[in-house]
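Q: Hi! I'm new to this one, could you walk me through it?
A: Happy to, here it is.

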Amino acid sequence: MLKIEKNLNGRSLRVSLAGEVDSITAPEFEREVQDLENVDEVTLDLKDLAYTSSAGLRVLLGLKRRLAGRPLKLENVGAEVREVFDLTGSSALLGL
């Protein structure tokens, strides 16, 4: 199960994720971060994210690509989620 909370403050989008991002929930996450037309930066709060699979990582990397140089900030990355990023070599790509 995945819970997504979005807060747009001006042109800054803050997205909080709780639960797990896997092959079942990744499409929902992707839909929620699809429209970036009026966004200058995105902050993802991962404090309550317990797990992400490669499907979640794909959404994150796609989000980074679509931002095209605009900032993507990841906050409160837990040890298990960080391990997935580290093992796949994605930490540097995500600015961790």
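A: One term to start with: a residue is buried under 20% relative accessible area, exposed over 50%, and partly exposed in between (1.4 Å probe, protein chains only). This is a predicted model, where local features need pLDDT of at least 70, side-chain atom pairs count only at pLDDT 80 or more, and totals for chains, interfaces and linings use all residues. Residues are numbered from 1 along each chain as its sequence is written, and side-chain values use heavy atoms, with hydrogens and water left out.

Q: Thanks! How many salt bridges are there?
A: There are eight, counting a side-chain nitrogen of Lys or Arg within 4 Å of a carboxyl oxygen of Asp or Glu.

Q: Which residue does R58 pair with?
A: R58 pairs with E30, with 3.4 Å between the closest N and O atoms. R58 sits in helix α2 (residues 54-67) and E30 in helix α1 (residues 26-32), so the bridge ties together parts 28 residues apart in sequence. Helices (H or I, at least four residues) and strands (E, at least two) are DSSP runs, numbered from the N terminus.

Q: How accessible is R58?
A: R58 is partly exposed, at 45% relative accessibility. E30 is partly exposed too, at 24%.

Q: New topic: what does R14 bridge to at 2.7 Å?
A: That's E75. The two are 61 residues apart, R14 in strand β2 and E75 in strand β4 (residues 72-75).

Q: And which residue is 3.3 Å from R14?
A: D45, through another salt bridge. Shared partners join R14, D45 and E75 into one network.

Q: Is D45 buried or exposed?
A: D45 is buried, at 11%, while R14 is partly exposed at 31%.
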